[in-house]
Amino acid sequence: MSDNEALFKYTLRLGDTSLILAQRLCEWTGHGPFLEEDLALTNIALDIFGRGKSMLEYAAKLEGKGRTEDDLAFFRNDREYFNALITEQPNGDYAKTIIRQALIDCFDLLFYTELAKSKDVTLSGIAQKSIKEITYHKRHSFSWVNRFGNGTEESLTRLQNGLNDIWSYTGELFEMTEVDTLLIKKGIAVDLSVLKPLWEKEINQLLVKANLVLPESLYMHSGSRNGLHSEHLSYILAEMQSIPRMHPTAKW
Amino acid sequence: MNNDSQGPLWEVFLQKKAGQPFVHCGNLHAYDKEMALQNARDLYTRRNEGMSIWVVPSSAIVASSPEDMGSFFEPANDKIYRHPTFYQIPDGVGHM
């Protein structure tokens, strides 16, 4: 694999992960628990869309086949998508959405803080811009986890159920392939094995504060690094891609 | 707490720049201080409207009532000597 090809795949993975998470979060638009929170989450989704757009733009450029970021977003099938499985999981209730977001925000802040030191100037540029946004996202999701965990019996139960549903998708966040190995050597990619203990420590502290316990099963899902997804992704893509596919020449 | 509750009301004040007064800009619903601050940030500062935020529970604000208008404010009307309109303001002072 050439360096350029590896960098393309790496950037695509980051772009897809942001795009699909943002698309999922946007399902809450107009359905949030109350107006202020509806706006807060939509605002966060918009930040994540922005990051996804920058990544896919760069990926399209690296690929050099004349495709745009829109082509990449709207004209690839599920097997050509490399978003982390956790991002495509259904939102569930608000507690599940929030715990998923907290797990991802914690990972993202660690990840993009490291990526900001990348030798690839485009990736480090996007990362530097993202750090401030993610810092706020994490403050938002962590405060909601604390609130649910220390709220009522029902809010704690829902939060715990959400964690039980989503936990087995967190292991994959730290999976590395030959793409990572190659780019780590070049000082471009982030070594995920270094992040893992830091993430675990922070998440454990959060869970204790919120009266949560980790699910007993150690099983972790895997597959997205090779384009293998849960059934949920196809439904997301069907909704997201239907209009551009029906009217491929439409402009706005 | 009933299911429709959006939490208590908070008043939001924004400061545009350091040193300037905090100006009331609206209100919002939130269940606690941190949520009120975050909601204020998301609702009122997305377009660089401010550099600093105060949120205050609406219930903590003591307001005059319309019935008080006469006794509170009208006595000032016939005491024009309280308004500094008789003084010459040197040009160098500018706006006062």
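Biologist: What percentage of the 252 residues of chain A count as buried?

Modeller: This is a predicted model. A residue is buried if 20 or more other C-beta atoms lie within 10 Å of its own. Of the 252 residues of chain A, the share that passes is 42%.

Biologist: How many helices and how many strands does chain A have?

Modeller: From the N terminus on, the elements run α-α-α-α-α-α-α-α-α-α. The count for chain A is therefore zero strands and 10 helices.

Biologist: How are α6(A) and α7(A) oriented to each other?

Modeller: Helix α6 of chain A covers residues 121-149, and helix α7 of chain A covers residues 153-166. Their axes lie 7 Å apart, at an angle of about 125°. Angles over 145 degrees count as roughly antiparallel and 65 to 115 as roughly perpendicular, so this pair falls in the remaining class. α6(A) and α7(A) are therefore oblique.

Biologist: Which residues of α6(A) make the contact with α7(A)?

Modeller: The residues of this contact divide into four nonpolar, two polar and one charged. From α7(A) come A:S155, A:L156, A:R158 and A:L159. From α6(A) come A:V145, A:F148 and A:G149.

Biologist: Which element gives the largest share of the side of chain A that touches chain B?

Modeller: The contact takes seven residues from chain A and 10 residues from chain B. On chain A, the elements giving two or more residues are α2 and α6. The largest share is four residues, and it comes from α2(A).

Terms used
Residues are numbered from 1 along each chain as its sequence is written. Chains are lettered from A and ligands numbered from 1 in the order in which they are written. This is a predicted model: local features need pLDDT of at least 70, side-chain atom pairs count only at pLDDT 80 or more; totals for chains, interfaces and linings use all residues. Axes are lines fitted to C-alpha atoms, for helices over the stretch in contact, and angles run from 0 to 180 degrees between N-to-C directions. Angles under 35 degrees count as roughly parallel, over 145 as roughly antiparallel, 65 to 115 as roughly perpendicular and the rest as oblique. Two residues are in contact if their C-beta atoms, placed from the backbone, lie within 7 Å. Ala, Val, Leu, Ile, Met, Phe, Trp, Tyr, Cys and Pro count as nonpolar, Asp, Glu, Lys and Arg as charged, and the others, Gly among them, as polar. A residue is buried if 20 or more other C-beta atoms lie within 10 Å of its own, exposed if 12 or fewer, and partly exposed in between; C-beta atoms are placed from the backbone.
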